[in-house]
Amino acid sequence: MSEYAVELKEVSKHFGPVVAVDDVSLSIRDGEFFSLLGPSGCGKTTTLRLIAGFELPTEGDVYIDGHLQGETPPYRRPVNTVFQSYALFPHMTVFQNVAFGLEMQKVAKEEIRQRVLEALEMVQLPGMENRKPAQLSGGQQQRIALARALVNRPKVLLLDEPLGALDLKLRKAMQLELKALQHRVGITFIYVTHDQEEALTMSDRIAVMNRGRVLQTGTPEEIYEQPADRFVADFIGETNFLEGQVEEMRAGEVEVVVDGVLTLYVPTPPQSLPSGGERGGVTVAILPEKISLHAAPPDQRAVPGLVQEVVYTGTDTRYLVQLTEKTMVTVRQQNIGIGATMVFAVGAKVYLHWQPGYARLLPM
Amino acid sequence: MAAQPRSRRETWRILFLVSPSLVWLVVFFLIPLILVFAISFGQRGTYGGVKWVLNLGSYTRFFDPLYLRIFGRTLYIAGATTLICLLTGYPLAYFIATRPPQWRNPLLLLLMIPFWTNFLVRTYAWILILRDQGLINTFWTGSLHAGLQQLSSLVPLPIWEPLLRGTAHPLALFGTDLAIIVGLVYGWLPDMVLPCYAAIERFDFSLVEAAQDLYANRLKSFLRVILPLTMPGIAAGSVLVFIPSLGAYITPDLLGGAKTTMIGNVIYSQFMAARDYPFGSAISFVLMAVMLVGTLIYFRMGTK
């Protein structure tokens, strides 16, 4: 057994002049819940199809369980897919759908029966064997698609936006259920989604993709707290971006001036200063929930601003705060309880404060 | 009860809308059909015409081995035509349906173009191809025979002898069952291709990926997923080819020569040459019964 369930080595996929997947290398560990996250058209589904064998790489190699796949057709790869459209066979019953893969592998009839019933039990749809897919709801079809794949006990389960067609509440429930299921069966899941919250909730590790490239691979915390670049930061949360000039570099800290008037102190090891370097343009990223609002400056580095907009969203209150003529930031304050947090009105003068580590320098 | 007047008005409105086609069908289809049905139980008059003596003589006469043989041949020709249309038409439909969308309609147009020519003219063209002095046999007894002769004089081997003897005389193509089948396949192929195309075009090919993902190779994916899900197209195409082939008249008349006839020719000759209206009518009804069975099988396949 290989340490990695799936490895992609410098894989590219071209469709005519279009580069769908551009020099992607990934190592997905055995038993991991791994997400490919990115906007539509970023190459995440193509990457999944390269692993499944529906597409062959233009360049590079795909390994599954340590074995080079080359031009191995999909029906000889030890992976199964849960399709976005579910792709259940409409002319077969639920039982026949789930049994299909086992039948093709010439598993004995009695064992097929037993394993199919087990799989239906696992997705909490026992007693549905004789229904046709058209008689099931979207959520039920989704579970059947899952059972049809898992019944084969694949090395790797590939999931292509499997919850995309479900309504929000069902999707949330299925997220947790899928995660628990993955934990129970111990199969490697590779999960394609464009929903950053879904990826953060479910994954052990995430690869963020854009324009065919992997921009960052890491745990949800790493991706969220330490985004590698502006795209990742923007995609993963509603990050504030403050554009400015490096004014001064001290040991472990740079001074960035925004719009010529506002000075921010960003702790950065000097060697990791992005290209553009000294006195060049940089972007400072701060997550809205890392900022706290105060009526009086808590220290000298607090940044003054004017509240422009207040939006109550239930768990949080979101403030839009003007810092300079051209720059606004979003601040999110948890509604801990009456009186526990100050509530500011539109037009109030406030001071913004954050722990030094939460401001991050990104390349422009 | 309050809803009744309105639903009655609705009924009248529907009747009004369908009345043109209803009148047409009753006058030109249903009444003649009833007439033919009535005639089939009559007796041939001495000088043609119908004597209204109720009897089943025309039906029992059909079971004469002579007519049964013709009927059997008709079933065989129509069946073979349907099978060949299916085996050639389905792959063609599959090919067209899997081209990029902008190519599909032009390709279907290419399929249809030959059928803008009059049916009779197209059938005559097959006479020119199949007859003893036709295109195929001119090559067979001409260029091919001459070529073989030259080869045999260059390389004297015993294998040339049977080949030379074979190509000395034209192939018996015209006037055979084969000629009729060729003509019918040519005539009805689009009727097979179009419904198959419609079914394959509507087919969701992500299901093939699902099948392949579940360890089914190409053949298994075809047999277990594509074929059953495009079966309505196959069934519709088969009915559209089989039924007109069963009642074919012009094609066997022209390509079958004097030797081979189909049941359609028998009906024709009963009405025109023999002037035995009751017998012609009886055969028509037996034929219709067979077609009805075929159509029922089709609906069975369709609803499954």
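Which residues does A:Val311 touch, not counting residues up to four places away in sequence? I will come to that after some background.

The model is predicted. Chain A has 364 residues, and 39% of them are buried. Chain A contains 8 helices and 20 strands. Taken along the principal axes, the C-alpha atoms of chain A fill a box of roughly 75 × 50 × 35 Å. If we take the contacts in chain A with a separation of 6 or more, 65% of them are between residues 24 or more positions apart.

Now to one sheet in chain A. The sheet is open and has 5 strands, in the order E15-E19-E16-E17-E18, and the pairing is antiparallel. Strand E15, residues 292-294, and strand E18, residues 328-334, stand at the edges. Each of these two has a single partner strand, so one side of each is left without a neighbour in the sheet. From one strand to the next, the twist averages 45°.

Strand E16 of chain A covers residues 303-312, and strand E19 of chain A covers residues 349-353. The two run antiparallel and are joined by 4 bridges. A:Val303 stands opposite A:Leu352, which belongs to E19(A).

Back to the opening question. A:Val311 lies in strand E16 of chain A. Leaving out residues up to four places away in sequence, A:Val311 touches A:Thr317 and A:Arg318. Is A:Val311 buried or exposed? A:Val311 has 11 C-beta neighbours inside 10 Å, and because a residue with 12 or fewer is classed as exposed, A:Val311 counts as exposed. As for distance along the chain, A:Val311 and A:Asn97 are 214 residues apart, and their C-alpha atoms are separated by 48 Å.

Last, a helix pair in chain B. Helix H3 of chain B, residues 65-97, packs against helix H11 of chain B, residues 231-246. The angle is about 145°, and the axes are 9 Å apart. The crossing of H3(B) and H11(B) is right-handed. On the H3(B) side, the contact includes B:Thr74, B:Ile77, B:Ala78 and B:Tyr90. On the H11(B) side, B:Ile234, B:Val241 and B:Phe242 are among the residues that take part. What kinds of residue make up the contact of H3(B) with H11(B)? They divide into 9 nonpolar and 7 polar, with no charged residues.

That is what I have for today.

Key. Residues numbered from 1 in each chain as written. Chains lettered and ligands numbered in written order. Predicted model: local features only at pLDDT ≥ 70, side-chain atom pairs only at ≥ 80, totals over all residues. Pairing = 2+ DSSP bridges. Axes fitted to C-alpha atoms, helices over the stretch in contact; angles between N-to-C directions. Buried ≥ 20, exposed ≤ 12 C-beta atoms within 10 Å, placed from the backbone. Contact = placed C-beta atoms within 7 Å. Left-handed = near helix turned anticlockwise from the far one by under 90°. Nonpolar A, V, L, I, M, F, W, Y, C, P; charged D, E, K, R; others polar.
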